[in-house]
Amino acid sequence: MLLGADKTLYVRLAAGGDPVCVGDLARTEISARVGRVPRRITFADGSLFETVDNDAVDLWLKKHGKSGFVHELEHFHPRLIALVVAIFMLAGLIYRYAVPALVEVAVLVTPPAVTQWMASGTLLSLDQAVFDDSKLPDSRQAEIREAFNEVAALSSRGGDGYNLNFRLGGVIGPNAFALPDGTLVITDELIELADGDMDMIIGVLAHEIGHVEREHSLRQLYRAAGMAGLIMLIAGDVGAAGEDILTNGAALMSLSHSRDAENEADRISVELMAKAGRDPRAIGRFFARLEEKLGLDGESSFLSTHPGTTERRQAIDDHARSIGAAVP
Ligand SMILES: [Zn+2]
């Protein structure tokens, strides 16, 4: 087979012979090269020429550019798509199976010194950026601390596993949170919102104990780090958000827990409160009060990381009933 010397395609069966097909390159379709499958050249008039001389076709295409480059791209298209799909599937599998497994291992082998270091760094930066000293009278702090210690003593870490801190919340308003080493922070604003209802305050703290017991923050942090690693693997760059998560301890705070983690912490609150002889549904009542006082979107408050839906309060009541606590 011989091909013409300009943009008109002549197919001759022998050198110098009469062309058997003639066509304008622009209006001719040449099938992509796929292994040794014969090439199909379809002319504008519908006539079809097939040849196994793939090299000659490629050489001619390169020379006269139905554009070699575009052609190469077209040629690679199916493989490229397959590659992209494969990468996404792999990333999906890593996200689904490898990251959770690695997170569990990381949580298991993280020495207490590391969680303490993470927590003290986080609290320090929050103290500088957000908090002020608590304005709560010492006697009130002592009262809350005593009630808290009674409940904490019933948890699996025991009372020594926790360190309760009082702060003026400022921009984060009524809030409470736990750091992975058992450092707990409760704001004056939250205590004020509870309006003297000690069960509500202790119920919230028992919920935070739940997050610590089940290592939710640590898991969350490692998961975020794992995601950043995955993004880096694919994109070659973690991006600003990823860097924030990895380097700024305070980002730990903005990571809200999964719905499952929240439900788990709620259940632990119910159980600890019942064990301590306090109202097991206090955490649910607190959510109701938050909604009532702040509306559904309490911006930076406890509510923003703890959506207190009706189902959530129902689940709290149900769990209280299931462990045999008296529910009015
Ligand atoms: Zn929570």
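Predicted model: local features only at pLDDT ≥ 70, side-chain atom pairs only at ≥ 80, totals over all residues.
Which side chain meets Glu291 in a salt bridge, and at what N to O separation? The side chain is that of Arg313, at 3.6 Å.

Residues are numbered from 1 along each chain as its sequence is written, and side-chain values use heavy atoms, with hydrogens and water left out.

First, the overall content. The chain has 13 helices and 10 strands. Helices here are DSSP runs of H or I with at least four residues, strands are runs of E with at least two, and both are numbered from the N terminus. Of the 328 residues in the chain, 42% are buried. Buried means under 20% relative accessible area, exposed means over 50%, and partly exposed is in between, with a 1.4 Å probe and protein chains only. A contact means heavy atoms within 4.5 Å. Among contacts between residues at least 6 apart in sequence, 59% join residues at least 24 apart.

Strand S2, residues 8–12, pairs with strand S3, residues 19–24, in the antiparallel sense over five bridges. Two strands count as paired if DSSP finds at least two bridges between them. Leu9 stands opposite Gly23 in S3. The hairpin of S2 and S3 has six residues between the strands, and there Gly16 takes a positive phi near 80°.

Next is an open sheet of three strands, in the order S4-S5-S6, with antiparallel pairing. S4 (29–30) and S6 (48–51) stand at the edges with a single partner strand each, so one side of each has no neighbour in the sheet. S5, residues 39–42, is joined to S6 by four bridges, and Arg40 has Glu50 in S6 as its bridge partner. In the hairpin of S5 and S6, with five residues between the strands, Gly46 has a positive phi near 95°.

On to helix H4, residues 138–152. H4 has 15 residues and reaches 20 Å from its first C-alpha to its last, close to the 21 Å expected at 1.5 Å a residue. The expected span is 1.5 Å times one less than the number of residues. Buried in H4 are Arg140, Gln141, Ile144, Ala147, Phe148, Val151 and Ala152. These residues cover an arc of only 140° around the axis, which puts them on the same side of H4. The arc is taken from the directions from the helix axis to the C-beta atoms. On the face turned away from that buried side are the exposed residues Asp138, Ser139 and Glu146. What covers the buried residues of H4 includes strands S8 (163–168) and S10 (183–187), and helices H5 (188–194), H6 (198–213) and H10.

H10 itself has 17 residues, which should span 24 Å, and its end C-alpha atoms are 24 Å apart. Among its buried residues are Ala265, Asp266 and Ile268. After H10 comes Gly277, with a positive phi near 75°.

That leaves the salt bridges. Side chains of opposite charge can pair when their charged atoms come close. The rule is a side-chain nitrogen of Lys or Arg within 4 Å of a carboxyl oxygen of Asp or Glu, and by this rule the count comes to 14.

Arg312 forms a salt bridge with Asp266, with the closest N and O atoms 2.6 Å apart. Arg312 lies in helix H13 (310–322) and Asp266 in H10 (259–275), so the pair ties together parts that are 46 residues apart in sequence. Both Arg312 and Asp266 are buried.

Asp317 and Arg281 also meet in a salt bridge, at 2.7 Å, N to O. Asp317 is in H13 and Arg281 in the loop between H10 and helix H11 (282–294), so this pair ties together parts that are 36 residues apart in sequence. Asp317 and Arg281 are both buried.

Back to the opening pair, Glu291 and Arg313. Glu291 lies in H11 and Arg313 in H13, so the pair ties together parts that are 22 residues apart in sequence. Arg313 is partly exposed, with a relative accessible area of 23%. Finally, salt bridges that share partners join Asp197, Asp279 and Arg285 into one network.
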